[in-house]
Amino acid sequence: RESQWNKLGDVTADSFISWRSSNENLSPRTLNHYLSEARSFLNWLLKAERILVNPLSKVSKVEEKGRATRVRRAFSDAELKALLKAAPDYRSIAYLTAARSGLRHGELAKLKWADVGFDSETPHILARAATTKNRLDSRIPMTKELERELLKHRPESHRPNHPVFPKGVPRARTLRLDLEKAGIPYQDEMGRYADFHSLRYTWGTYLQRN
């Protein structure tokens, strides 16, 4: 719409670059994602012999290093504890699972009880290929704390196909309210953000430390 592409012949490198230049408010990673998706679609058209050439094949990506629009940070142990205490139980367990598994928001939202292996030799969470970003299965061993809290959270009437978080996974606005209640700044003095993806950073820090 913004590039006024109404038919395949309208797709040109110049029009894409012009669109990209007018959207510098988007992060370099997001802009490169748009380029990658557009190229993939055009490559499919090329393979299907619906076009003769991919007009975006030689468009360069924008430089990402040093240009992150949002720098995140991990939560400290004290901050995570305060957040879990401030949030209601159904949100607290979602935050804990994110911080002790590294699962992304979308992966958590699609998590079912069948994916949580309590009875395995190594209790774990299965991140199914259908839900993961890299489209690969991943088995994530559970910490004792996470295993204990998920067992407490699981209702007696649960079924394997029931979602682990039936009330949903907290969105950004809800998290900010919980952060405020816990006395945790959304953005620190260094300009780093504490958002939902920061819980994944927290998992990385936890792994490194242990």
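Analyst: A residue is called buried under 20% relative accessible area, exposed over 50%, and partly exposed in between, with a 1.4 Å probe and protein chains only. The model is predicted: local features need pLDDT of at least 70 and side-chain atom pairs pLDDT 80 or more, while totals for chains, interfaces and linings use all residues. Residues are numbered from 1 along each chain as its sequence is written, and side-chain values use heavy atoms, leaving out hydrogens and water.

User: Why does glutamate 49 count as exposed?

Analyst: Glutamate 49 has 74% relative accessibility, and it therefore counts as exposed, since the term begins over 50%. Glutamate 49 lies in the loop between α2 and α3; such helices (H or I, at least four residues) and the strands (E, at least two) are DSSP runs numbered from the N terminus. Although it is not a glycine, glutamate 49 has a positive phi of about 60 degrees.

User: What makes glutamine 4 exposed?

Analyst: Its relative accessibility is 62%, so glutamine 4 counts as exposed. Glutamine 4 belongs to the segment before α1. Glutamine 4 is not a glycine, yet it has a positive phi of about 60 degrees.

User: Why are the buried residues of α2 said to line one face of the helix?

Analyst: The buried residues of α2 are Pro28, Leu31, Asn32, Leu35, Ala38, Arg39, Leu42 and Leu45. Seen down the axis, they fall within an arc of 140 degrees, so they line one face; the arc is that of the directions from the helix axis to the C-beta atoms. Residues three or four places apart in an α-helix point the same way because there are 3.6 residues a turn. The buried residues of α2 pack against α1, where contact means heavy atoms within 4.5 Å. Arg29 and Lys47, on the other side of α2, are exposed.

User: What can be said of α8 in the same terms?

Analyst: Helix α8 (residues 198-209) has twelve residues and reaches 16 Å from its first C-alpha to its last, close to the 16 Å expected. Ser198, Leu199, Thr202 and Trp203 are buried in α8. Viewed along the axis of α8, its buried residues fall within an arc of 155 degrees, so they line one face of the helix. Among the elements that cover these buried residues are α3 (77-86), α4 (89-99) and β3 (138-141).

User: What makes tryptophan 19 and tyrosine 34 an edge-to-face pair?

Analyst: Rings of Phe, Tyr and Trp (its six-membered ring) pair if their centres lie within 6.5 Å; planes under 30 degrees apart are stacked, over 60 edge-to-face, and the rest tilted. The structure holds seven aromatic pairs. Tryptophan 19 and tyrosine 34 are 5.2 Å apart centre to centre, with 70 degrees between the planes, and form an edge-to-face pair. This pair links distant parts of the chain, 15 residues apart: tryptophan 19 in helix α1 (residues 13-21) and tyrosine 34 in helix α2 (residues 28-47). Tryptophan 19 counts as buried because its relative accessibility is 13%, whereas tyrosine 34, at 42%, counts as partly exposed.

User: Why is the pair of tryptophan 203 and tyrosine 206 called stacked?

Analyst: The ring centres of tryptophan 203 and tyrosine 206 are 5.8 Å apart and their planes stand at 20 degrees, so the pair is stacked. Both residues lie in helix α8, three residues apart, about one turn of the helix. Tryptophan 203 is buried, with a relative accessible area of 13%, and tyrosine 206 is partly exposed, with 21%.

User: How do you know where a charge sits over the ring of tyrosine 90?

Analyst: The test requires NZ of Lys or CZ of Arg within 6 Å of the ring centre and within 35 degrees of the ring normal. The charged end of lysine 167 sits over the ring of tyrosine 90, 4.6 Å from its centre. Arginine 176 lies over the face of tyrosine 186, at 3.8 Å from the ring centre.

User: Why do β1 and β3 stand at the edges of the sheet?

Analyst: Two strands pair if DSSP finds at least two bridges between them. Three strands form an open antiparallel sheet in the order β1-β2-β3. β1 (116-117) and β3 each have a single partner strand, so one side of each is left without a neighbour in the sheet. β1 and strand β2 (residues 124-127) pair over two bridges, and valine 116 stands opposite isoleucine 125 in β2.

Terms used: Expected span 1.5 Å × (residues − 1).
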